[in-house]
Amino acid sequence: MTSQIRKATRLRYFVNNLPEYDSATNLTSDSPHLKSEIQSKAVLCAFKQPCTYSRNLDGGLYVGASGIGYMFYHISKSSKFSEEKEDFLNKCLEIIKTCLASTKKSRNAEATDKCGFLLGDAGTYAVAAAAFNASGQEREAEACLNYYKEMGNICIPLSYTSFGGDELFVGRAGYICGALWLNKEFKKQVIPEDLISRVCHSLVESGKKYSHRHRSPCPLMYSYYGIEYLGAAHGLCAILQMLLSCDSFLEANPSAENDIKETVNYLISLQLPSGNFPCAMDEIGPNARKEEEELIHWCHGAPGVVYVMAKAYLRWKDDKYLNSALQCGEVTWKKGLLRKGPGICHGVAGSGYVFLLLYRLTGDDKHLHRANEFAKFLENSEFLKEARTPDMPYSLYEGYAGTVCFLSDLLEPSKSAFPFMDVF
């Protein structure tokens, strides 16, 4: 018994004792309670991580003030908050304007600080553009869009960075992510197709050159600070997802699409029997982590890889991609009640988003049930008492601001999407 207790303390997740789905399960969420939770947590995030000219301006969308601004924008779009829409939007703009003022004081920043989507100024300008547009401030929105377009030209050259300028946080994949999100939010092509395609060309060319130079087993490979990551945060799967989301580029470049497809197929070959994926290429085969040390997060592991598999399935209509995505869901259900906190990067809300994605992808109520159960667990006394406190506990990716987005999406699951990662 003692050895079992010792083993349990080493787990990175809470043991899932949540009820499984059956046809009698009530899938209707407690809307009044959820709305109250969303509003109170949103206010708490803004209070606990205030945005001033001297505080919380670093960290971009990931852990900075602009991520709190995005949270208010995200919930302002929900039809369940139509009465509060204007207040939420105004709060977003209040925060974002302070962030913009800060970026204008640091014009001599590194290229990655300016072009980075999740960890740079570009993400702040993208959210600002969308929020200004939603509030009818067209001139301000256009100015932010112009900045975003300028940043695209900076990250196109293959010499953009020396440490790996292709991933999601500060690289080309992140730039494409923001461009696609802006086009969706504006419901028109505000970031030119030609610009997006040129960034895609650089992204593919960079991956081909690296793969050839390092004799990689697939046509496209990338590294970030010397590590060949596979997960969503800095790795291969988010890069592939962004390339797969650019239909015009794929249609005009069939050879590039073939390279992308071969690389996705290679990624599938790395899926472990559990359904999870290694964090990086140096963790495959004999160097694989022990099962209890596996990372099952959005940033590293199945909860992030699921998005590229879903996108591949939607693009190529091959069931092997759907099956891979479903395996991601199974391991997330088993081991996704993470002890690292409530966030979307490496927390319970990030795991919950996997089930909202699979619900939209398959229409299977089992996944909506699982999303609801993970949301309930966020209020469980065991979680509240024993979960770790993240470094930035109220931020978008590490903390409760991302949780607010997840809970808001639970109110309208057919429209739900992990922030900036909608595959539909």
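Residues are numbered from 1 along each chain as its sequence is written, and side-chain values use heavy atoms, with hydrogens and water left out. In this predicted model, local features need pLDDT of at least 70 and side-chain atom pairs count only at pLDDT 80 or more, while totals for chains, interfaces and linings use all residues.

Q: How many residues of H11 are buried?
A: Helices are DSSP runs (H or I, at least four residues), numbered from the N terminus. Buried means under 20% relative accessible area, exposed means over 50%, and partly exposed lies in between (1.4 Å probe, protein chains only). The buried residues of H11 include Leu 236, Gln 241 and Leu 244. H11 is largely enclosed by the rest of the structure, because the buried count is nine of the nine.

Q: Which helices are included in what covers the buried residues of H11?
A: H11 spans residues 236-244. Its cover draws on elements that include H10 and helix H14 (302-316).

Q: Is Ala 232 buried or exposed?
A: Ala 232 sits in the loop between helix H10 (193-213) and helix H11. Leaving aside neighbours within four places in sequence, Ala 232 contacts Leu 168, Cys 237, Ala 238, Trp 298, Cys 299 and Gly 304. Its C-alpha atom is 8.6 Å from that of Pro 303, 71 residues apart along the chain. Its relative accessibility is 0%, so Ala 232 counts as buried.

Q: Which residues have the most contacts inside the largest nonpolar core?
A: A nonpolar core is a set of buried Ala, Val, Leu, Ile, Met, Phe, Trp, Tyr and Cys residues joined through side-chain atoms within 4.5 Å. The largest one has 152 residues. In soluble globular proteins, nonpolar side chains tend to be buried together. The residues with the most contacts inside this core are Trp 298 and Phe 420.

Q: What is the phi of Phe 420?
A: Phe 420 lies in the segment after helix H19 (400-411). It counts as buried, at 8% relative accessibility. Its contacts beyond four places in sequence include Leu 61, Phe 117, Trp 181 and Tyr 397. Phe 420 is not a glycine, yet its phi is positive, about 70°.

Q: Where does Lys 317 lie, and is Lys 317 exposed or buried?
A: Phi of Lys 317 is near 55°, a positive value in a residue other than glycine. Lys 317 lies in the loop between H14 and helix H15 (319-335). At a relative accessible area of 60%, Lys 317 is exposed.

Q: How many salt bridges are counted?
A: A salt bridge is a side-chain nitrogen of Lys or Arg within 4 Å of a carboxyl oxygen of Asp or Glu. One of them joins Arg 198 and Asp 194, with the closest N and O atoms 3.3 Å apart. That pair is four residues apart in helix H10, separated by about one helical turn. The count is 18.

Q: Which helices hold Glu 257 and Arg 315?
A: The side chains of Glu 257 and Arg 315 meet in a salt bridge (3.0 Å, N to O). The pair ties together parts that are 58 residues apart in sequence, because Glu 257 lies in helix H13 and Arg 315 in helix H14. Glu 257 is buried at 15% relative accessibility, and Arg 315 is partly exposed at 25%. The helices are H13 for Glu 257 and H14 for Arg 315.

Notes
Helices (H or I, at least four residues) and strands (E, at least two) are DSSP runs, numbered from the N terminus. Contact means heavy atoms within 4.5 Å.
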